[in-house]
Amino acid sequence: VYDEWRAALAEVLPAGDDEPVLDVGAGTGIWSAAIATWFAARVVAVEPSAAMRTQARSKELPATVALVAGAGEAVPLRTASCRAAWLSTVIHHLADLRACAVELRRVLRTGGPVLIRSSFPGRQDEIPLFDFFPGARRVAETFPTVEQTERAFAAAGFTLEDLRRVHEARGVDPSTLVDRLRAMRRSDSTLVGLADDEFAAGLAEVERFVAEGRPIPPTGLDLLVFD
Ligand SMILES: C[S@@+](CC[C@H](N)C(=O)[O-])C[C@H]1O[C@@H](n2cnc3c(N)ncnc32)[C@H](O)[C@@H]1O
């Protein structure tokens, strides 16, 4: 998990009290664990996939992280019970972005921000992965745009407060990169649909890059803040 996000979140996460931070589509819980640790926060990790929840449970998350079944459109928590919501690379998975915005308006206390970590169409210029796999970029260009996301959240009563780029500067470990990409090929929504020969061509390009000792530049993703 990237330290740059710690600095970015420190600026926008409301100061600590007992209300939890909601991690929507928490996956295996890496961000829940980071937020709980960085900010001494309680976190409720909502995740619809039983397989993901099983993986998260196997990782011994901090005791302040509660893992629950649910989805962005149906959060099993009381009205005005959370101090902020975090959605990391999740909004393109949502069946209904507007319904999620309405649900987050319900569970967040007044002024509680929605913090979205994502890549957005037209803003994919700092994602090295997409330079190797142009087909992955084409998939990501179909994700919700900033404007669509803003419209969905505005309809639920939120205001766009900030859009900023966060650079994940920690270098990619070249010795594990190819294995990581093979694993991502099975689960990452921008890679799963690529034809075998297209994926192989991208992987060969990555291998050539690594063999030449060329560093992979940092990835830049966006932080979108609504409150
Ligand atoms: C790319 S993963 C991101 C996981 C985690 N947030 C992270 O950044 O490591 C997307 C996650 O969204 C979950 N998801 C899919 N549909 C969802 C929905 N309607 N509401 C909430 N999460 C959903 C998936 O099960 C998956 O765990």
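## Helix α2 against the sheet

Helix α2 (residues 30-38) lies across β1 (21-24), β2 (43-46), β3, β4 (84-88) and β5, and runs at about 175 degrees to β2. Contact here means heavy atoms within 4.5 Å. Axes are lines fitted to C-alpha atoms, for helices over the stretch in contact, with angles from 0 to 180 degrees between N-to-C directions. Helices (H or I, at least four residues) and strands (E, at least two) are DSSP runs, numbered from the N terminus.

This is a predicted model, in which local features need pLDDT of at least 70 and side-chain atom pairs count only at pLDDT 80 or more, while totals for chains, interfaces and linings use all residues. Residues are numbered from 1 along each chain as its sequence is written, and side-chain values use heavy atoms, with hydrogens and water left out.

## The sheet

Seven strands form an open sheet in the order β3-β2-β1-β4-β5-β7-β6, with mixed pairing; two strands pair if DSSP finds at least two bridges between them. From one strand to the next, the twist averages 20 degrees.

Five antiparallel bridges join β5 (residues 114-118) to β7 (residues 219-226). Leu-115 has Val-225 as its bridge partner in β7.

## Nonpolar cores

A nonpolar core is a set of buried (under 20% relative accessible area, 1.4 Å probe, protein chains only) Ala, Val, Leu, Ile, Met, Phe, Trp, Tyr and Cys residues joined through side-chain atoms within 4.5 Å. The largest has 43 residues, and Trp-5, Trp-86, Leu-115, Phe-133 and Leu-223 have the most contacts inside it. Helix α2 supplies the largest share of this core, five residues. Apart from this core lies another, of 27 residues, including Cys-82, Ala-85, Cys-100 and Leu-104.

Leaving out residues up to four places away in sequence, Trp-5 touches Trp-31, Trp-38, Trp-86, Arg-117, Val-166, Glu-168, Leu-221, Asp-222 and Leu-223.

Conventions: Buried means under 20% relative accessible area, exposed over 50%, partly exposed in between (1.4 Å probe, protein chains only).
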